[in-house]
Amino acid sequence: MTTLFRRLIDEQELRDPRAFLPRFREQARLLAERDGDVRLATLEPAVSTFEAWYYGQRLPNRDARRVLVAWFGHSMERLWAPAGEAVVASRGGALDLEGADLHEMRRGAAMAARRARDFALGAEQGQLGDETLGYLQDEVRRITEQYPRVPLPTLFDDLAAAQSDAFRLIEGGRARPSQMRQLHVMATLLSWHMAKACHDLGDESSAMMHARAAGVSAEQAEPLPSVPLSTD
């Protein structure tokens with residue numbers, strides 16, 4: 001029997017324990033911070049335990065259940081139920097979906113998020129506002145934190161979009177000097193990650209172009225040297 005847990009693990013490319021265990025540790029740490037339960041901060045299953053979960057041979061213990069439920073957003077009963085059973089149920093305002101319905105809702109949510117991003121980045125006319133800059137800063141922070149932890153295909157589109165947004169705001173002529181330096185710092189980080197992504201994809205030519213863009217942005221981000229005023 002293929003459980004929903006197993007399907008979600010496969011969809012997120014976490015079948016290898018070397019991929020799953022770091023993600024589990026991170027989710028346990030986040031839950032520990034949220035609930036104030038320090039025991040969860042160091043929680044980590046053994047490789048054999050994860051394998052037993054994956055093949056439906058063993059149920060997680062109480063603390064591990066809390067982590068998995070918070071991580072995947074499904075009850076334990078749903079996670080360990082056969083993946084082929086499509087269920088739509090309301091639990092405290094949250095929908096428990098699977099299959100085509102879940103795929104369509106996620107696709108719609110992603111499209112709505114991109115539209116919201118475009119609105120936020122283009123709504124402020126004249127000078128570049130703090131809300132727009134803060135949005136891009138949050139996006140850069142999220143991408144740089146998640147990049148080492150998630151499969152590249154799940155993050156690549158967001159990375160490319162954020163880099164494009166940074167370039168567009170730099171070229172738009174609306175930023176103040178202090179904001180321009182922040183934009184160049186963000187463009188440097190995003191271009192460096194794009195260079196690494198292209199390298200991982202085997203596209204060395206594109207990787208070199210992004211690396212050069214990162215270098216240019218880094219130079220522009222450096223503060224200008226002070227020039228003493230003449231007293232003549």
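Helices (H or I, at least four residues) and strands (E, at least two) are DSSP runs, numbered from the N terminus. The structure is a predicted model, in which local features need pLDDT of at least 70, side-chain atom pairs count only at pLDDT 80 or more, and totals for chains, interfaces and linings use all residues. Residues are numbered from 1 along each chain as its sequence is written, and side-chain values use heavy atoms, with hydrogens and water left out.

**Exercise 1. Determine the order of helices and strands along the chain.**

Solution. Step 1: the chain holds 10 helices and two strands. Step 2: read along the sequence, these elements follow the pattern α-α-α-α-α-β-β-α-α-α-α-α. Step 3: of the 232 residues in the chain, 37% are buried, where buried means under 20% relative accessible area, exposed over 50% and partly exposed in between (1.4 Å probe, protein chains only).

**Exercise 2. Describe how H2 packs against H3.**

Solution. Step 1: two packed helices are described by the angle between their axes and the distance between the axes. Step 2: for H2 and H3 the angle is about 100 degrees and the axes are 11 Å apart; axes are lines fitted to C-alpha atoms, for helices over the stretch in contact, and angles run from 0 to 180 degrees between N-to-C directions. Step 3: H2 is therefore roughly perpendicular to H3, since angles of 65 to 115 degrees count as roughly perpendicular, under 35 as roughly parallel, over 145 as roughly antiparallel and the rest as oblique. Step 4: Pro17, Phe20, Leu21 and Phe24 of H2 meet Val47, Phe50, Glu51 and Trp53 of H3, contact meaning heavy atoms within 4.5 Å. Step 5: by class, these are seven nonpolar residues, no polar and one charged.

**Exercise 3. Characterise the pairing of helix H9 (residues 177-200) with helix H10 (residues 204-221).**

Solution. Step 1: their axes come within 8 Å and cross at roughly 160 degrees. Step 2: H9 and H10 are therefore roughly antiparallel to each other. Step 3: the residues in contact include Val185, Trp192 and Met194 of H9 and His210, Ala214 and Ser217 of H10. Step 4: the whole contact has 12 nonpolar, eight polar and two charged residues.

**Exercise 4. State whether the loop residues Pro60 and Glu13 are buried or exposed.**

Solution. Step 1: Pro60 lies in the loop between H3 and H4 and is buried, with a relative accessible area of 3%. Step 2: leaving aside neighbours within four places in sequence, Pro60 is in contact with Trp53, Arg65, Leu68, Met76 and Trp80. Step 3: Glu13, in the loop between H1 and H2, is exposed, with a relative accessible area of 52%.

Terms used. Ala, Val, Leu, Ile, Met, Phe, Trp, Tyr, Cys and Pro count as nonpolar, Asp, Glu, Lys and Arg as charged, and the others, Gly among them, as polar.
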